Amino acid sequence: MKIKIFIYSIVITCCASLFLSSCYDDKSTLATNFIDEVLIDTTGIRQEQFIGYQELLTIDPAITVGSTDGESRLEYEWSMAYFSKSNSEFEVISTDKRLSEVISRPISSAPYTLKLTVTDTANDNLQYLCLWNVYVQSSFLDGLLISDTKDGTSSDLTLVLNNQLTVNYDKEEKVYRQILEKANGAPYNKLMTALTYEKFGNAMIAGSGDNQVWAITSDGDCLRFDTEDFSINGTSDDESIITYKPAGFQFKSLFRSYQMFVAHTTAGFYSFMNVSVNTFGWYDAAMTGYIPDNGVIAATSSSSVYYNHTVWLDQVKGAFYSYSGSASFGASVGHYQSNMVFDPNAMADQTAVAAGIKEDGSIATFLLKEKSSGSYAIYTLGQYREAEETAPATPASARNKYVIPNEGRALLDDAVSIFFAQRENVLYVATENGIYAILYGSGDNAVVSTTPKYSTTGGETIVKAKLYQQGHHTNDNATTTGTPPLITPLAWNNKAIILATQKGDFEGKVNVIPISQAGIGTLDPSNGLVYDGFGKILDVTTIGY
Amino acid sequence: MKRIFINFWIIIGLLIVVNSCETDDIGFYKEGYDAVRFPATSLEFTEPVGYNSESGLFLAVCSFIDSPFATDTIYELPVMLIGHTSNVDRTISYRIDEEKTNAPAGSYEIVDAVLPADSTSGFIRIQLLNREELNDTTYQVYLTLEGTNELSRGPVEYSSAMLSWNNAIPMPTNANFIRTYNMLIKSSLSFVSTSTSNYSPNALKAIVTALGWNDWDDINVHGSKYNSPATGSYKYLPRYVWIYIDTSYKSYALKLADYISAYNASHPDAPLKHDAGNLKGQLIEARSY
């Protein structure tokens, strides 16, 4: 009986609870007071903002309330924070509707968070938020770097930032001229005749490492700049660039190859792994005894190409050779097998004129001139490939030869610059007055276009020409060719040429001319970029950031 | 029968219960376990550097090179406590290994050897006299810790030390620097050896002079490569890794060879020779790679 009463009590209590809770006043059924919503329109404003150190950051979103600007009832607050383990506080930088502030936060590869808070004071301080990522960078970003001289004895640097030449750049073009003179009161006291961009650190970690430019001077010395402020962070006069400099030592060229940074010098090759090293500590023993003919070397910058990443025609041995691996972790120099077309080991009558290599290192291409006849031909070499499940290993061997007809010989004899496209079978030839294209890849002969792809005007003469490749591509092309690429490839990467022209001794001009038809080397000067105001142009290169 | 069987198991169960209730005394740490040893960064990163695993010695050095007019100095050889601190000073016991020690009587004096109250580290204080012969002689004194009623001796491999002093550049005691020395000075040792058996002050002086190395403790000069206090702030040699990673040890050895060659050419009657170690009396040679 007692149990029955207990059960009844439980049931009654539950019912009572349900009854009471059902009496809750559901206000959603009452009349609603609609408020005008605040709309923040950020159309056209990039979520990722890139700003130079101490540059003005301007963001002007359209903010409306209903059909008005709501000026009388809205309050604005722009605040910035750098989120880290020790700091996550927002600091108010403006209370204006439109942000226009000089950003003096330290340069950082990680973004700052910018927050816009719009407060509707007429409606119980209802708040609306917008967030952006702001990257504070050096003012000197990636772009085109020019070395020129105004007096024939000293030289200075000019950096061009432009949305065609600079990654993630959507601002007005900027040209920083005479960088060294403005920083140090005087230009550099020697002629910097060869510039090479290199990133000290792991190229495959975006934003890490130090961006550097190495400059070889006309007397074979070398110095190195940190591109964050173009301060000199190494010279060959002390041990900061090379530990031991034999008597008469001179730098000839510098280039990236596999995971190494390589110097071709009068004392042979020096190399180091630039992930962790920034100094040439010792010569590259694997390359001892080899001399690239005319200093012509084909090298892919891809950090993932281990085999045959550096190829040359050896002046002493009269044969093609290639370098695999690295001096630090095991290097080897190997030769190429012959085929029915040519014998890469019997090239003593040839001299090297120009060389190129595919990004993945699969094919190296050389323009050679026969010493006895003076005729030219293009030779291609296939690289070693390891065995895969579906294919056996492929030895490094000769591939094809394309003879250049007489009309091409005349152009090549007069050339001031000769270079291969990296992705297409096009050889560009720059003479003093024009750019020509020589096509190869089918049959036994190359096809010469005697009609220039570009002609100079107004008494200008071409003094130097090269393929346009953005800085990171020249440092490690795996960064721009990956899927997805680590560094955004610029539209002109491998699809433009750089041209330096002179009118007088000290009246130089730099052109960047897009290639409109890459397969046949057609240029589009009308859409190119032109920069004048230089003295005698010594070199032009691209740098990364 | 069944009852007997059940009673049997009940008794067995009770016995187990009773026995299992026995209490064991909890072991307490006793002061008598306290011991002393010399520092070893391999045991505790924050301890003073100087332990050399190859010799089993804590190596300590002192030089009058920076204070040539001082008549003497007090060197504190660090000693570490194993165990609890005490609220009174405790005396550290030691003995001098007379067989290995070459410092004559009167050239040094041990002032005291104390583990202070409430401290986990103590010292053996040694007065070193700046004597003329230190210009070309290195004195060494070998000490071994001993046990007392207050403090036992710690592990034998951390119980011996060697203090050397002279007027020369102080000997490297950290394995990082000893390896650098061996990378540059030719001997029968491997180029990456951390042994000091072939060390000589003259050879180090040649390295320092040839390469201009006297500021490796300066962060403004060497950046991240500088020798921090954690490495003893040694001024005269870089850590071996910095010359190994870029293979520059080969270049530095070549520079040293050039210096020695030039020096010997200009001093044909007094070429550079080792003044201590296994190579004492032999010509100093740089390694060649």
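## A walk through the two-chain model

Leaving out residues up to four places away in sequence, A:Ile63 touches A:Val38, A:Ile40, A:Asp69, A:Leu74, A:Lys97 and A:Val118; touching, or being in contact, means that the C-beta atoms, placed from the backbone, lie within 7 Å. This is a predicted model, where local features need pLDDT of at least 70 and side-chain atom pairs count only at pLDDT 80 or more, while totals for chains, interfaces and linings use all residues. Residues are numbered from 1 along each chain as its sequence is written, with chains lettered from A and ligands numbered from 1 in the order in which they are written.

Back to A:Ile63, which sits in strand E4 (residues 62–65) of chain A. Strands (E, at least two residues) and helices (H or I, at least four) are DSSP runs, numbered from the N terminus. A:Ile63 is buried, having 21 other C-beta atoms within 10 Å. The cut-offs: buried is 20 or more other C-beta atoms within 10 Å of the residue's own, exposed is 12 or fewer, and partly exposed is in between, with C-beta atoms placed from the backbone.

From the C-alpha of A:Arg46 to that of A:Val448, 402 residues apart along the chain, the separation is 46 Å.

**Helix H3 of chain A**

Which residues of helix H3 (residues 406–413) of chain A are buried? They are A:Gly408, A:Leu411 and A:Leu412. Looking down the axis of H3(A), these buried residues fall within an arc of 95 degrees, so they line one face of the helix; the arc is that of the directions from the helix axis to the C-beta atoms. What they pack against is a set of chain A strands: E26 (376–382), E28 (417–420), E29 (426–430), E30 (434–439) and E31 (447–448). A:Asn406 and A:Asp413, on the other side of H3(A), are exposed.

**Helix H3 of chain B**

H3(B) has buried residues too: B:Pro201, B:Ala203, B:Leu204, B:Ala206 and B:Ile207. Their cover includes strand E11 (160–166), helix H2 (175–184) and H6 of chain B.

How do you describe such a helix pair? Two packed helices are described by the angle between their axes and the distance between the axes. For H3 (residues 201–211) and H6 (residues 248–266) of chain B, the angle is about 100 degrees and the axes are 9 Å apart. The axes are lines fitted to C-alpha atoms over the stretch in contact, and angles run from 0 to 180 degrees between N-to-C directions. H3(B) and H6(B) are therefore roughly perpendicular to each other, a label for angles of 65 to 115 degrees; under 35 is roughly parallel, over 145 roughly antiparallel, and the rest oblique. H3(B) brings B:Ala206, B:Ile207, B:Thr209, B:Ala210 and B:Leu211 to the contact, and H6(B) brings B:Tyr252, B:Lys255, B:Leu256, B:Tyr259 and B:Ile260. By class, that contact has 8 nonpolar, 1 polar and 1 charged residues. Here Ala, Val, Leu, Ile, Met, Phe, Trp, Tyr, Cys and Pro count as nonpolar, Asp, Glu, Lys and Arg as charged, and the others, Gly among them, as polar.

Most residues other than glycine have a negative phi, and most peptide bonds are trans. Here are some spots to look at.

| Site | Backbone value |
|---|---|
| A:Thr483 and A:Pro484 | cis peptide bond, omega about -10 degrees |
| B:Ser233 | phi near 50 degrees |
| B:Thr247 | phi about 60 degrees |
| B:Gly212 | phi near 65 degrees |

A:Pro484 belongs to the loop between helix H5 (478–481) and strand E34 (496–502) of chain A. B:Ser233 is in the loop between helix H4 (219–222) and helix H5 (240–244) of chain B, and is partly exposed, with 13 other C-beta atoms within 10 Å. B:Thr247, in the loop between H5 and H6 of chain B, is buried, with 23 C-beta neighbours inside 10 Å.

**Domains and chains**

Domain bounds come from an automatic or database domain assignment. For chain B that gives domain 1 (32–166) and domain 2 (175–266), with C-alpha centres 26 Å apart. Between them, 6 residues of domain 1 contact 7 residues of domain 2. Between the chains, 8 residues of chain A are in contact with 9 of chain B; the chain A side has 4 nonpolar, 4 polar and no charged residues.

Notes: Two residues are in contact if their C-beta atoms, placed from the backbone, lie within 7 Å.
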